[in-house]
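Subject: Structure handover

Hello,

Here is the structure you will be taking over. Please open it first, then read the notes below.

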Amino acid sequence: MNDLTSFQRIVLSAIQEPLPISEQPFEMLALQLNCTEQKLLDEIRQLKETGWIRRFRPQIRYAALGRSA
């Protein structure tokens, strides 16, 4: 595996936090990272393909929704 770029490190750090609750969460995250949504999605895809990300799925806090899992 190649070394990560500084932007890839930022992306990895950012996607470990909950995504913004929005119809376009990746667009909002991209704005926070000062890039386009497409660039962010491309980086996530590349990180997944190269093995830096094993899986990417939502983490739902059911208690915050007033429900149990």
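**Salt bridges**

E43 and K39 form a salt bridge, with their closest N and O atoms 3.7 Å apart. Please keep in mind that this is a predicted model.

Why can these two residues pair? Side chains of opposite charge can pair when their charged atoms come close. E43 and K39 are four residues apart in helix α3, which spans residues 37–49. That spacing separates them by about one helical turn. The cut-off for a salt bridge is 4 Å between a side-chain nitrogen of Lys or Arg and a carboxyl oxygen of Asp or Glu. The E43–K39 pair, at 3.7 Å, is therefore counted.

The two partners sit in unlike surroundings. E43 has 12% relative accessibility and counts as buried. K39 has 37% and counts as partly exposed. Buried means under 20% relative accessible area, so E43 qualifies at 12%.

How many salt bridges does the structure hold? There are two. R45 forms one with D42, and here the closest N and O atoms are 3.2 Å apart. R45 and D42 also lie in helix α3. They are three residues apart, about one turn of the helix. R45 is partly exposed, with a relative accessible area of 45%. D42 is partly exposed too, at 38%.

**What E43 touches**

Which residues does E43 touch, leaving out those up to four places away in sequence? They are F7, Q8 and V11. E43 itself lies in helix α3.

**The nonpolar core**

V11 comes up again here. The largest nonpolar core has 15 residues. Of these, V11, L33, L40 and I44 touch the most other members. The elements giving two or more residues to this core are α1 (6–14), α2 (25–33) and α3.

L33 is worth a look on screen. Setting aside residues up to four places away in sequence, L33 touches F7, I10, V11, A14 and L40. F7 and V11 are also among the contacts of E43.

I60 is in the loop between α3 and α4 (62–65). The relative accessible area of I60 is 46%, so I60 is partly exposed.

**Where to start**

Begin with helix α3, which holds E43 and K39 as well as R45 and D42. Then turn to V11, L33, L40 and I44 in the core.

Best wishes

Definitions and conventions: Residues numbered from 1 in each chain as written. Predicted model: local features only at pLDDT ≥ 70, side-chain atom pairs only at ≥ 80, totals over all residues. Heavy atoms only, no water. Buried < 20%, exposed > 50% of the residue type's maximum accessible area, 1.4 Å probe, protein only. Contact = heavy atoms within 4.5 Å. Core = buried A, V, L, I, M, F, W, Y, C linked by side-chain atoms within 4.5 Å.
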